[in-house]
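Student: Before we start, I would like each label tied to its cut-off. Could we go through the model that way?

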Amino acid sequence: MKPRHFLGQLDRRRIEMAIQQAELATSGEIRVVITRRRVDDAVASGRAEFARLGMHRTEQHNAILLFVAPESQSFAIIGDEGVHVKCGDVFWSDVAAAMQEHFRAGQHTAALVEGIARAGQLLGEHFPRRPDDVDELPNQVVED
């Protein structure tokens with residue numbers, strides 16, 4: 001799918017509200033990046049974006065990035081080291097499968113909202129919100 005078509009179908013406000021809602025129960029951070037570029041490896045590109053955005057600098061190393069490359073028809077879910085210590089690969093496979101179903105049905109916003117909700121649930125279980133919690137990363141969808 002062409003990035004322009006994909007981006008035209010997204011409800012950014014709904015996605016950003018899903019991030020805000022998910023982060024109410026956790027000290028973790030969630031971001032969404034959508035690239036217009038064609039990528040050969042969504043995981044490698046996602047990791048590069050994770051680093052570029054400074055997501056590894058959260059206090060508890062508990063950030064998650066949903067990276068989408070519509071031109072390549074691929075996406076990746078990248079979690080920081082603190083997240084990987086607390087959960088296994090099965091969780092990520094389940095989230096990816098749920099998102100993939102929505103993407104296949106052309107429900108791009110729903111795919112991202114589903115991934116955000118599931119990531120937020122996981123973060124809430126392992127990194128509950130603290131009374132002194134601050135939002136360490138912006139909630140806006142990043143497009144490059």
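Student: Why is Gln-73 called exposed?

Tutor: Gln-73 has a relative accessible area of 67%. Exposed means over 50%, buried means under 20%, and partly exposed is in between, with a 1.4 Å probe and protein chains only. Gln-73 is therefore exposed. The model is a predicted one, in which local features need pLDDT of at least 70 and side-chain atom pairs count only at pLDDT 80 or more, while totals for chains, interfaces and linings use all residues. Residues are numbered from 1 along each chain as its sequence is written, and side-chain values use heavy atoms, with hydrogens and water left out.

Student: Where does Gln-73 lie, and what is its phi?

Tutor: Gln-73 is in the loop between β2 and β3. Its phi is near 50 degrees, which is positive in a residue other than glycine. His-61 also has a positive phi, of about 50 degrees, although it is not a glycine. His-61 lies in the loop between α3 and β2.

Student: Why does His-61 count as partly exposed?

Tutor: The relative accessibility of His-61 is 28%, so it counts as partly exposed. Ala-48, in helix α3, is partly exposed because its relative accessible area is 47%.

Student: What makes a run of residues a helix or a strand?

Tutor: Both are DSSP runs, numbered from the N terminus: H or I over at least four residues for helices, E over at least two for strands. By that rule the protein chain has 6 helices and 4 strands. Their order along the sequence is α-α-β-α-β-β-α-α-α-β.

Student: What share of the residues counts as buried?

Tutor: Of the 144 residues, 50% are buried. Thr-58 is one of the residues called buried, because its relative accessibility is 4%. Thr-58 lies in the loop between α3 (42-52) and β2.

Student: Which residues is Thr-58 in contact with, leaving aside neighbours within four places in sequence?

Tutor: Contact means heavy atoms within 4.5 Å. On that basis Thr-58 is in contact with Glu-29, Ala-63, Asp-80, Glu-136 and Leu-137. For the protein chain, 72% of the contacts with a separation of 6 or more are between residues 24 or more positions apart.

Student: What makes a set of residues a nonpolar core?

Tutor: The members are buried Ala, Val, Leu, Ile, Met, Phe, Trp, Tyr and Cys residues, joined through side-chain atoms within 4.5 Å. The largest one here has 30 residues, and Ile-15, Val-32, Ile-34, Met-99, Leu-112 and Ile-116 touch the most other members. Elements that each supply at least two residues to this core include β1 (29-34), α5 (89-104) and α6 (108-126). Helix α6 gives the most, with 7 residues. Another core, of 14 residues, lies apart from it; Val-33, Leu-53, Ala-76 and Val-142 are among them.

Student: Which residues does Ile-15 touch, not counting those up to four places away in sequence?

Tutor: Ile-15 touches Leu-10, Val-32, Thr-109, Leu-112, Val-113, Ile-116 and Val-141.

Student: Why is Ala-119 called buried?

Tutor: Ala-119 has a relative accessible area of 1%, so it is buried. Ala-119 is found in helix α6 and touches Ile-30, Ile-64 and Phe-91, residues up to four places away in sequence not being counted.

Student: Is Phe-75 buried or exposed?

Tutor: Phe-75, in strand β3, has 17% relative accessibility and therefore counts as buried. With residues up to four places away in sequence left out, its contacts are Ala-42, Phe-67, Val-68, Ala-96, Met-99, Gln-100 and Phe-103. Phe-75 and Gly-46 are 29 residues apart in sequence and 8.2 Å apart in space, C-alpha to C-alpha.
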